[in-house]
Amino acid sequence: MKYLFLFFLQFSILGADHFVLRDYEKNIKNMGSIKSVIRKYKDDKLIKHLRDFVACCRPSRMVGTKSHAKASVWLVDRLKQIDPKANVVVDEFTPDIEYAKSVYREDFQKEVASNYPSTSSIYKKWNNFTNSMTSHLEKLRTVKGKNIIWEKKGSISPDEVIILGAHYDTISYDKENLVINFEAPQPGADNNASGVASLLSLIEILTEVNTPKTVRVVFFDYQEFAFLGARAYVKKYKEDLKSDKFAGFVNLLMLGHDTKRNDKGNRSNNFKVYTRKESDPLHGLDLKLANKLIKAGDKSLSGMRFELDPNGFNRSDHVSFWEEGLAAVTFTQNWEEDPNPKNHTSNDFVETLNFRSLDNAFRFISASIIAWTYDII
């Protein structure tokens, strides 16, 4: 009797920390069903993923450091805890160092050298940045990257696929001269533990919900160096991605910063979905994907608003999908009106984030993805 009691006690403790749905909740019927499922997920689980991920890999997840090497191991372990039956793939790749170096050099020539004299402070600052990045890339030639992939196959239309991604590496600069500060601690709570935690929580929900279509989640490495992780992934799988049934890529980036006092519009809960520019011939691909997800998210009653912005935002992993002519959007904070000043600094730690806005953003995106799998919107 004593051992039976201990068994049930242990089971109840483990079960209390695991998101579980009743059988009748697993088959989504309408938007009301989605809201019910999303409401059942406790916000402290999202924040636990955030804190645990930041804590696992202190002081920095910068590529080439010992702590960075821990990050992929931690992600695999956490995914197996969430979904023990999943086939988690560690997709190792050799970073395209020469490509990355050319990106920084070409950007410098186009944006700086052609517009500012070599004696100007702007020229010197960005020349420092370019030299620092290319110099550090040389040191990474033998450092393999690791993209971590989790997938749930669709039960009805497994060939219809949507991919969600978030990068997990960090970088820190000296803000005065834009030189990489390799020794600086970089917790990377907003950039991009907030995106990683949101995807881990979404996976917890997806393991319980029946999904007619396939949802794939990729945690990208090497984002801070010309998006090399996403580039390697797209190049490896581009033939499959160019199929008619690939819906597109949804990038989650920096979802934890949101202020009202410093916001130019004096608003909170106003995030962005960035797409190609309207003048881009492929803008329509992004627009179709973004509108569908925004429409569903708006009905989630999360309190968050994601505004469509076709400004060609080019600062994250979605760019690698654009370069191959694929639909891709980035869900992130409002970079124009409320940018995070702690980005790429040692002050990007958990306590600086707006937990309520992060939770609202997570619920908005989760509702959007579940609705997509069921063609509800």
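Helices here are DSSP runs of H or I with at least four residues, strands are runs of E with at least two, and both are numbered from the N terminus. With that in hand, let's take a walk around this structure. It is a predicted model, in which local features need pLDDT of at least 70, side-chain atom pairs count only at pLDDT 80 or more, and totals for chains, interfaces and linings use all residues. Residues are numbered from 1 along each chain as its sequence is written, and side-chain values use heavy atoms, with hydrogens and water left out.

**Two residues in one loop**

Ala226 sits in the loop between strand 4 and helix 9, and so does Tyr222, with strand 4 covering 213–220 and helix 9 covering 228–241. Tyr222 has a positive phi of about 60° without being a glycine, and Ala226, also a residue other than glycine, has a positive phi near 60°. Are they buried or exposed? Tyr222 is buried, at a relative accessible area of 0%, and Ala226 is buried too, at 8%. Buried means under 20% relative accessible area, exposed means over 50%, and partly exposed is in between, using a 1.4 Å probe and protein chains only.

**Helix 3**

Next up is helix 3, residues 31–40, where Met31, Ser33, Ile34, Val37 and Ile38 are buried. Looking down the axis of helix 3, you find its buried residues within an arc of 155°, so they line one face of the helix. That arc is taken from the directions from the helix axis to the C-beta atoms. As background, an α-helix has 3.6 residues a turn, so residues three or four places apart point the same way.

What do the buried residues of helix 3 pack against? Their partners are helix 2 (23–26), helix 8 (189–208), helix 10 (283–298) and helix 12 (355–374), where contact means heavy atoms within 4.5 Å.

| Peptide bond | Omega | Where the second residue lies |
|---|---|---|
| Arg58 to Pro59, cis | near 5° | Pro59: loop between helix 4 (43–56) and helix 5 (66–82) |
| Asn191 to Asn192, cis | near 5° | Asn192: helix 8 |

**The largest pocket**

The largest pocket holds about 1,500 Å³ of space. Its lining is made of 38 residues, and Asp107, Phe129, Phe227, Asn314 and Arg315 lie nearest its centre. On a 1 Å grid over the protein atoms alone, a pocket is an open set of points where a 1.4 Å probe fits, with protein on both sides within 12 Å along at least five of seven lines, and lining residues have an atom within 4 Å of a point. Grid points are joined across faces, edges and corners, and the volume is the space filled by probe spheres set on the points.

Which helix gives the largest share of the lining? Helix 6 does, with nine residues. Helix 6 (97–113), helix 7 (121–139) and helix 11 (318–322) each supply at least two.

**Another loop**

Lys277 is partly exposed at 47% relative accessibility, while Ser279 is exposed at 67%. Leaving aside residues up to four places away in sequence, Lys277 touches His283, Pro310, Asn311 and Gly312.
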